[in-house]
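Please look through the sequence and the model that follow, and then read the paragraphs below beside them.

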Amino acid sequence: MKGMSRRRFMENTGLGMAGLYLMGAQGCSTKTAREPNIIYILADDLGYNELGAYGQKLIKTPNIDKLAAEGMKFTQHYAGCPVCAPSRCTLLTGKDTGHSYIRDNDEMSERGDVWHDPALEGQRPLPANTQTIGTILQKAGYKTACIGKWGLGGPNSTGHPNKQGFDHFFGFLCQRQAHNYYPDHLWRNDEKVVLDGNKPFFPHQKFPKDKDPNDPAAYEQYGGKQYAPDLMAEEALQFIQENKDRPFFLYFATTVPHLALQVPDDSLEQYKDAFNDTPYLGDRGYLPNRTPRATYAAMISRMDRDVGRMVALIKQLGLEEDTLIIFTSDNGTTYTGGVDYKFFNSVDSLRGLKGSIYEGGIRVPMIARWKDHIKPGSISDQISAFWDMLPTFCNMGGVPVPKDTNGINLLPTFLDQGKKQQQHEYLYWEFRDYGGQQAVRMGKWKGVRTGLKKKNSDTGIQLYDLENDLSEKNNVAEEHQEIVAKMKKIMKTARTKSKYFSFPEIYEREI
Amino acid sequence: MGKYFILFLTFLISTPQSSGKKPRMLIIGDSISIGYFPFVRDALKDMAIVVHNKGNAQDTQHGLRKIKQWLGENRWDVIHFNWGLWDLCYRNPQSEEQGHRDKIHGTLTATPEQYRRNLDSLVQILKQTKAKLIFAATTYVPDGEAGRFSDDVLKYNGIAAQLMRKYGIQTDDLYTLSIAIHGKYGKAANNVHYSAKGYALLAKQVINRIEDALDEK
């Protein structure tokens, strides 16, 4: 059975006989044929320009940069949505936000004071019997794990990762709880793991008026003994070790660099006095921080180190040729909470940040590394999105692609068989929040509607030529009525109605 | 008075003799082993005499110059040794990093071939001691390190593994362990060293390996 699906994988990827011959030539006699492992690393609110490989100058990411040097860098890859939960839903279910079940961060506040009551963990859950990358790869014989932030259903809900295709879960089930890097507990499957030395505190506070903002001791109350990303990295390394002899899928959804700004001192050392920092006192949400720029950079560099450790372990275990490693982010850089996106030039010349459907909110870095399969140092401008991962991983696991996905199989691009690459007719986003937005990417064109939930706003289609206007500054709708007409049609038909995320303004407002 | 003095002398002489029955073990290595050595020594103090080579064992070239001196005339029952982190380090006198580390403009201390040759010579010398030998794999290098490339550890450990197979010497895989603990107990994201807790964890594995070796003796 295993041999069968390996063969099917070969056929699907077009490796065929040449691939088999190569494998023989490499002397794989000690290795049995197997489906490739997949490690999908998802950063949280990491902008398009926040990795060295993408042009970042101040934040050091040597391990991820090396991943790019050894693999393929995508320059036109899109997140599913400009905020966390819906973006993750498109990833896991292979459907854009015109078809996905979760289309916004939904805290389900009807339950009570969700921000203060620790019993009300979790966002709106995925329903039972959802088909996810996890359920599909489980059927393909993979051991599956989600380690990090989930956000698609709290404890005991239908959306719990163990019910959504993941054999193993460790981390934050709830996104609100993930606002604190020193939580008093995490979840390992159904088990609440209490973290000794971490006292509970509310992750949105203002700096006390009677304390000195320059006194490091005054910030100790926003720390703890156990830094959640460290625990997650260890869990991930352990999962890889334990499953080295069988195909595995590790969805490593780190919470870095999402707010709050918190990092252990040993990582701050690297950026000590580097950025002329002034204290952030919490007046724009989350937690005060004495050195916000250094902390933000240190959080990313610490995460980078953990990526390096995972890659080192894969190499040490001799699994490099058998493991696809992807690194990406769920949406653009945040605009608040002490993050200095201007200082770091976090999204470069792109318009918008997290929450925005302009490029800065949704265009994300993506790096794919797979030794002997993906050409080192290659760059691809293939237009692609989160919902392409499900069909791509189906092909890797040797199982049929579900018909209801909006995604395309990216393996031909990975394997440098560009001519075989199927193209999207268009990419579609809708997001009822941040004013109510809708967008379509079609070839070089991007159509955008904003302010759909705002009164008296202009909701007509703005049209941008991304090839010549990456910053979406010049609305050329008037000059290209024929493109606008196509976009209008797509914006009205490229979606299904959603039970919980209704968006009638799409039809009702002027287009 | 004289009587007591003689008694005292007898005590002085007899002490090393009686503890001479304890197995003697030598740890050879750089700052990493210097970091975990005290934990090993203290944990085994009732069972063995544990000594670290004087100073830092640095790179294999330095090792070849000093090894006779470190071994001395002593009997050794177990020798747990490592070279690697210094060999694969690039240094540049102009660099302001500690130890003049500089992997961009610096020169490599020992090429893989030099490392192989030197380590081979060192093993041959160590074998003459009749001690049970354990090679400690070189520990993890994060890629942000100023003078070292992460993947070089794999390369140099690979060379060492070949040599150890050739000589039938066991390897203590501190590398895999170090990957696991570097996140929580590494000194920093760009640093190969560990906090005291990290060294204690490395020591734990070393102690286990030494205890096994002593059992086999």
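How far is the sulfur of Cys81(A) from the closest cysteine sulfur? The distance is 9.6 Å, to the sulfur of Cys84(A), which is too far for a bond, a disulfide being a pair of cysteine sulfur atoms within 2.5 Å. Cys394(A) is likewise in no disulfide, the nearest cysteine sulfur, that of Cys89(A), being 16 Å away. By this rule the count over all chains is zero disulfides. Cys81(A) is buried, at a relative accessible area of 1%, and Cys394(A) also counts as buried at 1%, where buried means under 20% relative accessible area, exposed over 50%, and partly exposed in between, with a 1.4 Å probe and protein chains only.

This is a predicted model, in which local features need pLDDT of at least 70 and side-chain atom pairs count only at pLDDT 80 or more, while totals for chains, interfaces and linings use all residues. Residues are numbered from 1 along each chain as its sequence is written, chains are lettered from A and ligands numbered from 1 in the order in which they are written, and side-chain values use heavy atoms, with hydrogens and water left out.

In chain A, Arg302(A) belongs to helix α8, residues 292–316 (helices are DSSP runs of H or I with at least four residues, strands runs of E with at least two, numbered from the N terminus). Arg302(A) is buried, with a relative accessible area of 3%. Leaving aside residues up to four places away in sequence, Arg302(A) touches several residues, among them Tyr227(A), Asp230(A) and Asp266(A), and also Gly183(B) of chain B, contact meaning heavy atoms within 4.5 Å.

A cis peptide bond with omega of about 0° joins Val256(A) and Pro257(A), and Pro257(A) is found in the loop between β7 (248–253) and α7 (265–268). Another cis peptide bond, with omega of about 10°, joins Leu259(A) and Ala260(A), and Ala260(A) is also placed in the loop between β7 and α7.

Two residues other than glycine have a positive phi: Met108(A), at about 55°, and Asn129(A), near 65°. Met108(A) is in the loop between α4 (84–93) and α5 (133–139) of chain A, and Asn129(A) lies in the loop between α4 and α5 of chain A. Met108(A) counts as buried at 12% relative accessibility, whereas Asn129(A) is exposed, with a relative accessible area of 78%.
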